[in-house]
Amino acid sequence: MNNKLQGKDLINIGIFTAIYFIVIFAAASIGFIPIFIPLISVIVPLVGGIPMMLFFSKIKKFGMLTICGVLLGIIMLLTGMGWWCIPTGLIFGLISDFMMKACDYKNAKREVLIHGVFSMWVIGAFIPIVVTRDAYYQSLLPGYGQEYADTLMAYMPDWILPALLIAAFVSGLVGGLIGRKIFKKHFERAGIV
Amino acid sequence: MSRELLASQKNNSGILLDPRTKLAVLITIAVFILGGSYEGIMQYYIIVLAAIPLLLLSAARKWKGAVLYILIFGGSLCLEMFGLSRLTGVANYIAVAVVGILLRFTPSVVMGYFVVTTTTVSEFVAAMERLHLPQQITIPMSVMFRFFPTVAEEWSAIGDAMRMRGIRFGGGKVGAILEYRIVPMMICSVKIGEELSQAALTRGLGGPVKRTNICKLGFHVQDVIFLLICLGAFAAQIYVLAARR
C-alpha cells in the first residue's frame, strides 16, 4: 500500500478540519463571557469528539493529524487567538499521529485515548494569558476595559495552565466516548464508514 | 452561488492586488487589531490599518459593505471616545465589552470578506504555490475555505428542518439537540466531501506532476504600497516594545 498522502487524504483533512472548526467555534463562543473562558478547554474537546471520531475512522496514513493540528493553529491565528495554537497543534497532532500508527489505525478503544491527547492542542489559546500575562493584560485594557480584564485575570491564576491541560485531556476522553457512542449508533448503521 | 467563500469566477475588484498581498494585509490586521496592544503610536497606526478594508471595499464598489463598515466601526469608535465615560455600573460594563469586541473584530472580518470574495480558488492555490508552501498544507487549506460556507448552509438548513420537528434550543435536552443537529450535518458533509474530492481528482489535484496555472500573479506598485504599510505596522510595534524597556 502506498503510504504517502494522496489528494483524497488531503481533501479529507480539509473537510474534517472545517467541520471540526465550525462545531468547536459554535461551542466556544460562550467565551465572550469572561468567567466561562476556562470552560472552553472542557467544552471544545467534549463537542469536538463527534466529528473527530468519524475523522479518525478515515485515517489510514501517517501525518494527517499533524496537518489537521497545524491548520487549526492557522485558523486560530486568523481569528485572533494568537499564534500559540500552531506549535501546540503541531506537537499534539504529531503525538496523536504516532499513537495512531502504533495501534495500526484500527483500535477503536485507543482512538478515544488519542482524542484525549489531540484535544490538548486547545491549551495554545490559553498560553498567552498566563505566559505573557502583563502584556496580555495591557492589550485587554483599551479594547475590553478594566473590569473585563480584571475579571479574566482573577479567573486565570498561574496554576491554571496544567489544570486546563488535564481538563482538556479528561474531557477529550469523555468527548471521545460520546463520539464513539454516536458513531456506533448512527454512522456505522448508515454505512458512512 | 448565493453563499460562497473564495469566488469561483473573477469579479471586478477595483484595485488589483496579488493574493499574497491580500493575505499579508489580512494577517497584519488580525495580529495588530484583533490581538495587539494599543500602546503609544500603535493607537494611531491602527486607524490607518482599519482604513485599508474601507479603501479596498469602496474601490471594488461594494458600497453596501463599505457603508456598513463605516457605521459599525466608526460608531463604536465614537462611542468609545465620547460615550462610554458617561455610563456607569453594569451598563458601562456591557457597553465596554460590546464596543471592544466590535472594534476588534470588524476590521478583520471585513478584510477577510474582501479577500475571500475577490480571490478565486485557483489564484489562491497559485499564490500558495509561489510561497513554496507544501501541497500537504495548500490542498487541505483551500478545501477548508471552500467548505466553510457549505457547512454553514447545511447547518442552517438542518436547523430549519429540526425546528419544524419542534427540536430547538430551550425546548428539551441539550444532548439530544446536539445529536440531532451534528449527526445529519456530518453525514451531509461527508457525502459532499466525497463528491468534492472526486471532482478535484478529475481536475488533477494531488497528481504527481506540477500543476500549471493560467492566473497572472505578480507584485505591482499598489502591492508594494500595501506591503510597506504592513511592514510599517510591525516596525511601529517593535519601536513601541523597545521604547517600553
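Me: How many residue pairs are in polar contact across the interface of chain A and chain B?
Reply: The model is a predicted one. In it the rule finds 0 residue pairs in polar contact across that interface, with both residues required to be at pLDDT 80 or more. On the side of chain A that touches chain B, at least two residues each come from α1 (7-28), α2 (40-58), α3 (64-78), α7 (133-144), α8 (146-155) and α9 (160-190) of chain A. The largest share, 14 residues, is supplied by α1(A). By class, this side of chain A has 31 nonpolar, 10 polar and 4 charged residues.

Me: What makes up the contact and the area buried between chain A and chain B?
Reply: Chain A gives 45 residues to the contact and chain B gives 46 residues. The buried area is about 4,100 Å², and carbon and sulfur atoms give 80% of that area.

Me: Why are B:E194 and A:K58 called a salt bridge?
Reply: Their side chains are 3.7 Å apart, N to O. The cut-off is 4 Å between a Lys or Arg nitrogen and an Asp or Glu carboxyl oxygen, so the pair counts as a salt bridge. The rule finds 1 salt bridge across the interface of chain A and chain B.

Me: What makes A:K61 and A:D9 a salt bridge, and where do they lie?
Reply: The N to O distance between their side chains is 2.9 Å, and the limit is 4 Å, so the pair qualifies. The pair links distant parts of the chain: A:K61 is in the loop between α2 and α3 of chain A, and A:D9 is in helix α1 of chain A, 52 residues apart.

Me: How do you know whether A:K61 and A:D9 are buried or exposed?
Reply: Buried means under 20% relative accessible area. A:K61 has 10%, so A:K61 is buried. A:D9 has 13%, so A:D9 is buried. By contrast, the pair of B:E194 and A:K58 crosses between chains, from helix α7 (residues 174-202) of chain B to helix α2 of chain A.

Me: How many salt bridges does a search of the whole structure find?
Reply: The search finds 4 salt bridges over all chains.

Me: How many disulfides does the structure hold, and how do you know that A:C103 is in no disulfide?
Reply: There are 0 disulfides over all chains. For A:C103 the nearest cysteine sulfur is that of A:C68, 17 Å away. A disulfide needs two cysteine sulfur atoms within 2.5 Å, so A:C103 is in none.

Conventions: Residues numbered from 1 in each chain as written. Chains lettered and ligands numbered in written order. Predicted model: local features only at pLDDT ≥ 70, side-chain atom pairs only at ≥ 80, totals over all residues. Heavy atoms only, no water. Contact = heavy atoms within 4.5 Å. Buried area = accessible area lost by both parts, 1.4 Å probe. Polar contact = N/O pair within 3.5 Å; in protein donor to acceptor, adjacent residues only side chain to side chain. Helix = DSSP H or I, 4+ residues; strand = E, 2+ residues; numbered from the N terminus. Nonpolar A, V, L, I, M, F, W, Y, C, P; charged D, E, K, R; others polar. Buried < 20%, exposed > 50% of the residue type's maximum accessible area, 1.4 Å probe, protein only.
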